[in-house]
Amino acid sequence: MMTSISKRLSLVAMLAIAVFLSACQNDHSTPTYTPVAMDTFASKKSAWLRNHLPAGTLAYTSVPTLWNMLLDPKADGLHALQNHPHFIDQWQKIRNDLHDNYVNDLPVEAQPLYKLAVHHVTGPFETAFINDSPHALMPSFAMATTLDGMDQDQLNELLAQTLQPMGL
């Protein structure tokens, strides 16, 4: 019993000495860091629908995409990395590889939506239920996301390609 107490005390003493020695440094220079201003990216990455909801909103949810979770700067420890050109370039190569290597393995009717999700969706998928009228039987449903590099005609063509096989 005495040996286990002495082992524990020895371990605690070694940890205390290690912490003490690591805190005692001869270098008294001020650490350098780059402060992150919240307003530098908050306005670009905010959800559009959330900022335009009326008072009669019953429910709202924002589901980030894989790209949002990994790539959007969030004023945390990875902020500088996520803004670095090499990081952005590497993720663009991964997106291109996802497109080039996996799109042909999908069913033909799913390929346009896959291409849209991989290359053009840049914002979260937002949904909301809005009570437009107190006399309505059901609330209205609103959905929004942010698309980049796609105009209205291309989006309409994609929707037609997607809905046509479904008979809609």
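**A salt bridge and its surroundings**

Mentor: In this predicted model, the count of salt bridges comes to one. The partners are Lys 93 and Asp 89, whose closest N and O atoms are 3.6 Å apart, and this pair counts as a salt bridge because the rule asks for a side-chain nitrogen of Lys or Arg within 4 Å of a carboxyl oxygen of Asp or Glu. Both residues belong to helix H5, which covers residues 85-102, and because they are four residues apart in that helix, about one helical turn separates them.

We can now turn to another helix. Gln 111 is found in helix H6, which is made up of residues 111-119, and with a relative accessible area of 15% Gln 111 is buried, since buried means under 20%. If we leave aside its neighbours within four places in sequence, Gln 111 is in contact with Val 103, Asn 104 and Leu 106.

Met 143 lies in strand E3, residues 140-144, and counts as exposed because its relative accessibility is 64%, where exposed means over 50%. Together with Leu 58, Phe 129 and Phe 141, Met 143 makes a nonpolar surface patch of about 460 Å².

Conventions: Residues numbered from 1 in each chain as written. Predicted model: local features only at pLDDT ≥ 70, side-chain atom pairs only at ≥ 80, totals over all residues. Heavy atoms only, no water. Patch = residues over 30% accessible without salt bridge, like charges linked within 9 Å, V, L, I, M, F, W, Y side chains within 5 Å. Areas by Shrake-Rupley, 256 points an atom, 1.4 Å probe, with all protein chains shown as cover. Helix = DSSP H or I, 4+ residues; strand = E, 2+ residues; numbered from the N terminus. Buried < 20%, exposed > 50% of the residue type's maximum accessible area, 1.4 Å probe, protein only. Contact = heavy atoms within 4.5 Å.
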